[in-house]
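Open the structure in your viewer and keep the selection tool at hand. The stops below tell you what to pick and what is there.

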Amino acid sequence: MSTRAAVACSPPQVSECLASHWSVTDSPPHQPQLFDPEPELTPWEAAAEADRLIVDVVLNRPLDTVYHYLVPDELRELVKPGQRVKVPFGRGDRLTIGHCVDVSTNVTTSRRLKTIAEVVDREPLLSPDMLELTRWIAGRYLCTWGQVLETVVPAGVKKQAGTRMITMYQPAGDVCSRLEDLKLPAKQQAVLRVLCDASEPLPVDEITIAANCGTSPLDGLRKKGLIEPIRQRSEVAADTGGPATREENLTLNADQQRVLDRILATIRGTSADENSSETSPSTLNPQPSTPAHETFLLHGVTGSGKTEIYIRAIQEVVSYGREAIVLVPEISLTPQTIRRFRSRFDSVAVLHSHLSDAERHWHWQRIASGEVQVVVGARSAVFAPTPHLGMIVIDEEHETTFKQSSTPRYHAREVARERARRENVPLILGTATPTLESLLRTERGADVLLSLPGRVNDRPMPPVLTVDVRNDPQIGRGHAIGRALQNGIQTALKNGGQVILFLNLRGFSPVLWCWKCGGGVKCPNCDITLTWHKDRGKIVCHSCEYESPPPERCPHCEQPGLRYFGTGTQRLEQEVIAKFPGHSVVRMDSDSMRKPGSHDKALEAFRKREVSILLGTQMIAKGLDFPNVTLVGVIDADTQLHQPDYRATERTFQLIAQVAGRTGRGEKGGRVLVQTTSPDEPAIRFAAAHDYNGFARGELAHRREAGYPPFTTLARVILRGESYEDVHETAKAMAKSLRESEVTKSNSHVRILGPAPAPIARLRGQHRFHLQIASDDVQTIAELWKETLRTFEPQADVEFTIDIDPLDMR
């Protein structure tokens, strides 16, 4: 392990970490002056040390260092790997919480070791297998083990949220054997009988109810020494949403049956020809003969019945007494999705960002105890502590939200792949628009491709019409809805259908523009234009949340007459209400869905047809199944197309394909209208034709020629600081160190690109530069990064971080 795999590291942090302890796994280079001379151990002291217990501890610090601490005798029986411990850290021996990752007696060191001060957790928070997985994450994404461990365990679990210390009582000594001989008042006798009949200590309220008394008999028994008080932690149960109506399995079509048989073959350890998935899981053997790990890429068009495949495969796994983890994008955790799983399984835990710390802790405990059959959740649910994992499913595997945007910058798909491999269980990646990385793995034979080319019940894919709005008279007058789309909406509403309108821009107007000098009003902290939010009466930065009243004069030329340019969801909502009076409209974006339960309430009203038109951002683009939707309108298909990102074309195709999938799911059918100023772009043409394979062939050829992923591995280094000059100089020095590294010189496939100002050159008051490292594999990048950090010294107050397989290039 490297001592200096720095992530978001600044010089003061480095010094503190290097000066923190006498004994580390690797001696920190170039810092001998930080350590005071320490006498060598005498032979007698060395013999005594050999009989001592030593723990390896990692801290949430930007240096990948394992620290050794002695365990005092009174804690020897308590400390285990996976627990948190308090240790003296740094020159001042400040008590710091770290994670115990190993306990041993054979650590070789000639230095005196410090002693741990306290064991924080009663039981390990992570199993040995999960500890090894987190260590892999640290190595794969070039961050520290301590940073990963700090992220994996939820805050509510670490602070035991939702629990409280209460007093329990139990009989003292051999009182129960002498119960009939004791001369006690009737109420005290009743209390003792209740406690003796119980198999464990009981809280006061349970005792008083069972004995039909108050607390006075307890006080009397306690004074006589006949009962003993015990302080224990009591858990508060969370709301599970109540029981769902039980539903039967759906009938599979031939394509679904073929796909399910192939997955069951891996689960059962048989060939696909031997399987008959019509057999009830309850009639199977208690365990599969030879369980195996395989990764399946389930490529199914929207509405092809992928979720039913997940459920049927999970039923098989659950029948063996195992658990399944299902990862879905946060915005797809709709009541509809949750209801489908709870209607098929007895015990389902749902993990998402809106849970309180107490609820998250309660679910974590239930999962760890094996009470939960299926865990459904967003990205972090991949770390759910299932004791007998049997399968992992990732729905909408192409979603960028599966990538963590802060350290550790892991991708849940790759973590799930590694966890499934280590635990020897299947992994299913389901999507209508596979990432090119996942598709290429199937072409190379690393994963198995399974296809659902048609919708259930032989329903056709909805026709997609691209509308060139460059010459549309209504668009020319500043409207968001062009003539063709307006006519389409009127027709759908007239025929009793519902409409979904998609626009991935929040606010009222995304640009405040001066018509005299042509300048825009930008955030004072970020290199980003401010968005006008009419409901708040403020211009707002969507990156740092800065807001202010709109200026009366241009900040550049000081002339009056600033104009609002462009359309966001608020402006679209106003236009829809004006053009289609008498029809109810609901807007769904992060501004309108702030209140708890508002998301569920809006979708339920749309499901009941109380709402005719649903408009919003990407939270309405997936996870919704409403048979009465007969028209989907994409207001502006070009919003992502021209971003400075090599994945912009792929994301545009995915977005149109996913939004188009929200219609045509009922008897009435449906259609899609896509407004664009770039109708000839390949992403838009292929999406309109529902031709994923054609798009993928062309885009893969382009990526191969340009040397972009998935044909190379990419890492992005971001540097930031308050001084533009310091950040710029540090970026140039880092690029020079990377280019002069022995790893770079000896490998012709390593490319260093940059440095250059980041596309968002200033964010939250920090100037930003970035550079890119490209190589054939991630191991080479890791070697290059670690070698560079051994000698590289950043400018003061400049922080930097590395992002492996970056998805956000801003």
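**Stop 1: a surface patch**

Select Trp513, Trp515 and Phe565. In this predicted model, the three form a nonpolar patch on the surface.

Now keep just tryptophan 513. Strand S18, residues 511-514, contains tryptophan 513. Is tryptophan 513 buried, partly exposed or exposed? Its relative accessibility is 33%, so tryptophan 513 counts as partly exposed. The cut-offs behind that call are under 20% for buried and over 50% for exposed.

**Stop 2: a parallel sheet**

Next, color six strands in this order: S16-S26-S25-S17-S24-S23. They make an open sheet with parallel pairing. Go to the edges: S16 (464-468) is one, and S23 (585-588) is the other. Each has a single partner strand, so one side of each is left without a neighbour in the sheet. From one strand to the next, the twist averages 15°.

Strands in a sheet pair through backbone hydrogen bonds, and the pairing can be parallel or antiparallel. For an example here, select residues 498-502 and 613-616, which are strands S17 and S24. Four bridges join S17 and S24 in the parallel sense. Which residue of S24 is the bridge partner of valine 499? It is isoleucine 613.

**Stop 3: a buried isoleucine**

Move on to helix H19, residues 648-660, and pick isoleucine 656 within it. Relative accessibility is 4% for isoleucine 656, so this residue counts as buried. What does isoleucine 656 touch, leaving aside residues up to four places away in sequence? Show Ala637, Val674, Ile684 and Ala687.

Then draw a C-alpha to C-alpha distance from isoleucine 656 to histidine 690. The two are 34 residues apart in sequence, and the distance in space is 9.6 Å.

**Stop 4: the whole chain**

The chain has 810 residues, of which 53% count as buried. Take the contacts with a separation of 6 or more: residues 24 or more positions apart account for 75% of them. The accessible surface comes to about 35,900 Å², and 48% of it belongs to carbon and sulfur atoms.

Key. Residues numbered from 1 in each chain as written. Predicted model: local features only at pLDDT ≥ 70, side-chain atom pairs only at ≥ 80, totals over all residues. Heavy atoms only, no water. Pairing = 2+ DSSP bridges. Helix = DSSP H or I, 4+ residues; strand = E, 2+ residues; numbered from the N terminus. Axes fitted to C-alpha atoms, helices over the stretch in contact; angles between N-to-C directions. Patch = residues over 30% accessible without salt bridge, like charges linked within 9 Å, V, L, I, M, F, W, Y side chains within 5 Å. Areas by Shrake-Rupley, 256 points an atom, 1.4 Å probe, with all protein chains shown as cover. Salt bridge = Lys/Arg side-chain N within 4 Å of Asp/Glu carboxyl O. Buried < 20%, exposed > 50% of the residue type's maximum accessible area, 1.4 Å probe, protein only. Contact = heavy atoms within 4.5 Å.
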